[in-house]
Amino acid sequence: RQATLLSLRLAFLYSGSMAVLFLVGARPLVSLFSSGFGDTGAVSELARHMLRLVGLYTVADSAQLVFTGALRGAGDTKWVMRTSVILHWGLAAIAIVLIQVVQAPPLVVWGFFIGFVITLGITMFLRFRAGKWMTMQII
């Protein structure tokens with residue numbers, strides 16, 4: 001438990017730093033990669049918005065990676081696999097509907113994806129907090 005919480009703190013320190021960079025530095029970062037393409041006004045604007053949202057994604061993803069890794073390391077691999085497969089297939093189905101049927105704008109789809117990663121992180125955290133992993137025998 002202590003190792004996981006320490007890992008989470010380190011992950012939040014790193015991902016939080018990256019979130020600040022993406023939030024504050026979105027314009028220069030996008031300009032760095034789009035400067036040679038001429039007029040990229042609409043694309044650059046969309047990229048700046050999406051990059052700012054990457055900050056939230058980065059923090060959420062770091063949490064889900066830490067808790068997923070802790071659960072796997074403790075032997076709770078079947079639950080992690082089943083939950084991950086179900087949530088990822090659900091994401092794929094909803095993304096197809098959003099893109100192909102609803103024709104949602106990119107920011108909506110990206111926002112949904114970030115919501116998925118947050119959901120995955122919360123799910124793994126709740127499983128970790130429940131503590132069933134502490135009674136598993138690995139060997």
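1. Some ground rules to begin with. This is a predicted model, in which local features need pLDDT of at least 70 and side-chain atom pairs count only at pLDDT 80 or more, while totals for chains, interfaces and linings use all residues. Residues are numbered from 1 along each chain as its sequence is written, and side-chain values use heavy atoms, with hydrogens and water left out.

2. Helix H5 covers residues 106–130. Helices here are DSSP runs (H or I, at least four residues), numbered from the N terminus. The end C-alpha atoms of H5 are 36 Å apart, which agrees with the 36 Å that its 25 residues should span at 1.5 Å a residue; the expected span is 1.5 Å times one less than the number of residues.

3. In the loop between H4 and H5 you will find Gln 103, with a positive phi of about 55° although it is not a glycine. Most residues other than glycine have a negative phi. Gln 103 counts as exposed (over 50%) because its relative accessibility is 62%.

4. The largest nonpolar core has 17 residues, and Leu 71, Phe 116 and Trp 133 are among those with the most contacts inside it. Such a core is a set of buried Ala, Val, Leu, Ile, Met, Phe, Trp, Tyr and Cys residues joined through side-chain atoms within 4.5 Å. H3 gives the largest share, six residues.

Methods:
Helices (H or I, at least four residues) and strands (E, at least two) are DSSP runs, numbered from the N terminus. Buried means under 20% relative accessible area, exposed over 50%, partly exposed in between (1.4 Å probe, protein chains only).
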